[in-house]
Amino acid sequence: MQRRQFLKTGFAVSAAALVSHSHLFSASADSHIEVLLDEPIGTISPNIYGHFAEHLGGVIYDGIWVGEGSSIPNTNGIRRALVEALRRIHAPVIRWPGGCFADSYDWIDGTGPRNQRPRRTNFWADAREAKQLKGGVQLYENNAFGTTEFVRFCRLSGAEPYIAANLRSLSALDFDHWVEYCNSPAGSTTLADQRARDGSRDPFNVRYWGIGNESWGCGGNFLPQDYAVEFRRFTTWVPNYGVELAFVASGSNADDLDWTHRFFEQMLGSRRYFPNAWWGWSVHHYAENLARGRTNDWSARKGDALQFDDVDYYELLHEADRMESIVLGHWGAMGQYDRQHRVKLVVDEYGPWYKPGSEVDPTHLLGQQITMRDAIATALTLDTFNRHAEKVGMAACAQLINCLNSLFLAHGDRFIVTPNYQVFEMYAAHQAAQAIRAEFAAPTVSYERDGKPAQFWGLKGSASVHGKDLILTVVNPHLNAARETEIAVRGATIRSGASTVLGSKDIHAHNTFDQPDVVKPTNGSVAVGQDGSVHFTFPPASVTRLTFALS
Ligand code: AHR
């Protein structure tokens, strides 16, 4: 039996096979990881580690934007602690202004002197979560944070801007003008002059543009073939001002392959039109922890961010883990029309979505606490993207601050990082590295759901190399079993190793303003045998990064 085959057959047979392979693997380990250096997958785009900021609840106002006159430390009105934290994780790209908000937003409202900008009803004003609010910027957008402020936030954070254009309620000409405002040379047009008056003489050179958002839903309730007509209109002859524009089409909700097939057929079928700047196909997938004991009440059906049992925990991971089949499904469908795979997958909204109740302030619509469970869901999603580095060109965690699956929580002058931030910090080492095939074999997790047996994988992760460094990130989802693991690297010898582990005895653990360091990673070294052999114990319910120096 070949080594790869052995690992692929899984743990059930591997225990028996282990006897005949004892010269390769130690019998004391119950799990194995094999990294195959001669099987590169592709370069991991740094943009896989991107973020999403919508004009929704506390994301922009109370999150990013505190205002120039604020006593909260800021740079031109932008929360400084946030910017500094984003620089630490090498935030590559930030998507804005929505989300559903994008298709109700007139970008021109966010230009000109701030005290003269119009107030508008926010898209989310009618949301069930907003019913308790009596007023405020969450209901009536004051447009203090417009394109110039957003691009400034990106520049301060070291990230590229990714702007979602309004396709539902503005015209293709409005889109052309937004591109002109952002990218036309200094002094060239009236909109370039407006940009200069707003604070930037030099063009922003915005490259990434989303053409609508969720056009199958809040972005217009289009049929895929009709959305394709709009996409053709919006992407034809957009002035590029010397910027290599990259357009992202509004793709499917989770595993809706029908939307993908019908759109691609319309674009690349008999009346083929492939805009040069068409670069991405967006997909959204939210993991909902559907309450057992179902109800038709959508919000009540979502599980709770903090109150959950073991089964809820595994079920949520199951939902998040659907990302792998979603990526594979859409990639396969796209390849039937775009055989060269010029268009990449852009998973620009993902993460767990719970019912309201755990937000740090009532104005933070869709805000939720972030526990160790969410860190594990986020880590296994990032590992999935790494394993499909040749397919996923960009991704954005929804959303950056004070919202779903956030990396940060803030209110007034209080600001903390969540366990998701720790995951992004640990995984930043994968950015721009070469993804390498790795095989994982571990005992399957078994549990019971509604009296029926259910299972989840025992150990999974991703590997990449950067020069002589190997980065291996691993999730152990088991709530109480540590995994004694033997790690083998084929094609090189491990010389030394270091570990960073994020875990907690309590899967509900989370950081609060009063206790900001409840969940934080610990660093250690990894013992390496003279022959380069490595054993590592992955604690229960943990996320680990191992860094190995190779020779
Ligand atoms: O992230 C919250 C919302 O979820 C976004 O506005 C929308 O695109 C999605 O449905």
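Guide: Helices (H or I, at least four residues) and strands (E, at least two) are DSSP runs, numbered from the N terminus. Gly 99, for example, sits in the loop between strand 5 (93-96) and strand 6 (120-121). The model is predicted, so local features need pLDDT of at least 70 and side-chain atom pairs count only at pLDDT 80 or more, while totals for chains, interfaces and linings use all residues. Residues are numbered from 1 along each chain as its sequence is written, and side-chain values use heavy atoms, with hydrogens and water left out.

Visitor: What surrounds the ligand?

Guide: A residue is near a molecule if one of its heavy atoms lies within 4 Å of it. Here 13 residues surround the ligand, the closest being Glu 54, Cys 100, Glu 214, Tyr 286 and Glu 349. Of these, Glu 214 has a positive phi near 40 degrees although it is a residue other than glycine, and its place is in the loop between strand 9 (208-211) and helix 7.

Visitor: Which polar side-chain atom lies 3.0 Å from an oxygen atom of the ligand?

Guide: In the side chain of Glu 349, an N or O atom is 2.7 Å from a ligand oxygen, and for Asn 213 the corresponding distance is 3.1 Å. The atom you ask about belongs to Gln 399. The protein covers 94% of the 280 Å² of accessible area that the ligand has on its own; such areas come from the Shrake-Rupley method with a 1.4 Å probe.

Visitor: How is a pair of packed helices described?

Guide: Two packed helices are described by the angle between their axes and the distance between the axes. Axes are lines fitted to C-alpha atoms over the stretch in contact, and angles run from 0 to 180 degrees between N-to-C directions. Helix 12 (residues 372-387) and helix 13 (residues 419-427) pack at about 30 degrees, with axes 8 Å apart. Helix 12 is therefore roughly parallel to helix 13 (angles under 35 degrees count as roughly parallel, over 145 as roughly antiparallel, 65 to 115 as roughly perpendicular and the rest as oblique).

Visitor: At what angle do helix 7 and helix 8 pack?

Guide: Helix 7 (residues 224-235) and helix 8 (residues 257-268) pack at about 45 degrees, with axes 8 Å apart, and are therefore oblique to each other.

Definitions and conventions. A polar contact is a pair of N or O atoms within 3.5 Å; within protein, one must be able to donate a hydrogen and the other to accept it, and residues adjacent in sequence count only if both atoms are side-chain atoms.
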